[in-house]
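This report walks through one protein chain, from its overall dimensions to a few individual residues. Please keep the sequence and the model in view while reading.

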Amino acid sequence: MARTSSTMSPLGSPAPNFSLLDTNGHLVGLADFASHSALLVMFICNHCPFVKHLSAGLAAFGTEMAERGVGVVAINSNDVVTHPDDRPEMMAREVAEEGYSFPYLFDEDQSVAKSYAAACTPDFFLYDGERRLFYRGQFDPSRPGNDIAVSGVDLRAAVDGLLRGEEAPAGQIPSVGCNIKWSAGNEPEYFQS
């Protein structure tokens, strides 16, 4: 695994549009969240140890956010040729096993990951009611093996501030995880070193 950090897109950036299939074969797009006060777009996958470490916390967080009127969607953009554990049928199993209540979408051509400048799994993008980027950073400081409990403290504080009408939090800390597994020749310029 290549330990990779978020690209930290500019705050205030508009949410790129998307329309992708979920694990039930339904198209889900940005417009489906129009009635939500905020929207969290997460780039995750099935096999990444950083995501596995947070998966129970992500499931609980998704349920909590739905109760608060915040839309939540997860997107898997990994190349399934090189990483077959991330195939759509395995995504459906992941939803059932982890209890995800949010849509989990497959970005087969990786265009949505590129439009969001997503770099790692997990990668989090929180948008306000006008779908302007309010927070991009870590879920919390917990990582596999560092003995810090998974709490979602950073992302939860950002949601709380957004819903109270506060300014975007200063000092946002990048998320860290496995790099998105780009298809051969498809690696975006922002990801190349």
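What does the accessible surface of the protein come to, and what percentage of it belongs to carbon and sulfur atoms? In this predicted model, the accessible surface is about 8600 Å², and 52% of that area belongs to carbon and sulfur atoms.

**Overall form**

The secondary structure consists of four helices and 10 strands, and along the sequence these elements follow the pattern β-β-β-β-α-β-α-β-α-β-β-β-α-β. The C-alpha atoms occupy a box of roughly 45 × 35 × 35 Å along the principal axes. The radius of gyration is 15 Å, which agrees with the value near 16 Å that a compact globule of 193 residues would have. Of the 193 residues, 50% count as buried, and among contacts between residues at least 6 apart in sequence, 78% join residues at least 24 apart.

**Packing of α1 and α4**

Two packed helices are described by the angle between their axes and the distance between the axes. Helix α1 (residues 49-67) and helix α4 (residues 153-163) pack at an angle of about 10 degrees, with the axes 12 Å apart. Because angles under 35 degrees count as roughly parallel, α1 and α4 are described as roughly parallel to each other. On the α1 side the contact is made by Phe61, Glu64 and Met65, and on the α4 side by Leu155, Arg156 and Val159; by class, this contact has four nonpolar, no polar and two charged residues.

**Arg3 in strand β1**

Arg3 lies in strand β1 (residues 3-5) and counts as exposed, at 58% relative accessibility. Leaving aside neighbours within four places in sequence, Arg3 is in contact with Phe50, Arg143, Val176 and Gly177. The C-alpha atoms of Arg3 and Asn24 are separated by 31 Å, although the two residues are 21 residues apart along the chain.

**Backbone details in loops**

A cis peptide bond, with omega about 0 degrees, joins Thr121 and Pro122, and Pro122 is found in the loop between β7 (120-121) and β8 (123-127). Two residues other than glycine with positive phi are set out below.

| Residue | Phi | Loop | Relative accessibility |
|---|---|---|---|
| Asp147 | about 60 degrees | between β9 and α4 | 79% |

Definitions and conventions. Residues numbered from 1 in each chain as written. Predicted model: local features only at pLDDT ≥ 70, side-chain atom pairs only at ≥ 80, totals over all residues. Heavy atoms only, no water. Axes fitted to C-alpha atoms, helices over the stretch in contact; angles between N-to-C directions. Helix = DSSP H or I, 4+ residues; strand = E, 2+ residues; numbered from the N terminus. Parallel < 35°, antiparallel > 145°, perpendicular 65-115°, else oblique. Contact = heavy atoms within 4.5 Å. Nonpolar A, V, L, I, M, F, W, Y, C, P; charged D, E, K, R; others polar. Buried < 20%, exposed > 50% of the residue type's maximum accessible area, 1.4 Å probe, protein only. Rg over C-alpha atoms; globule rule 2.2 N^0.38 Å. Areas by Shrake-Rupley, 256 points an atom, 1.4 Å probe, with all protein chains shown as cover.
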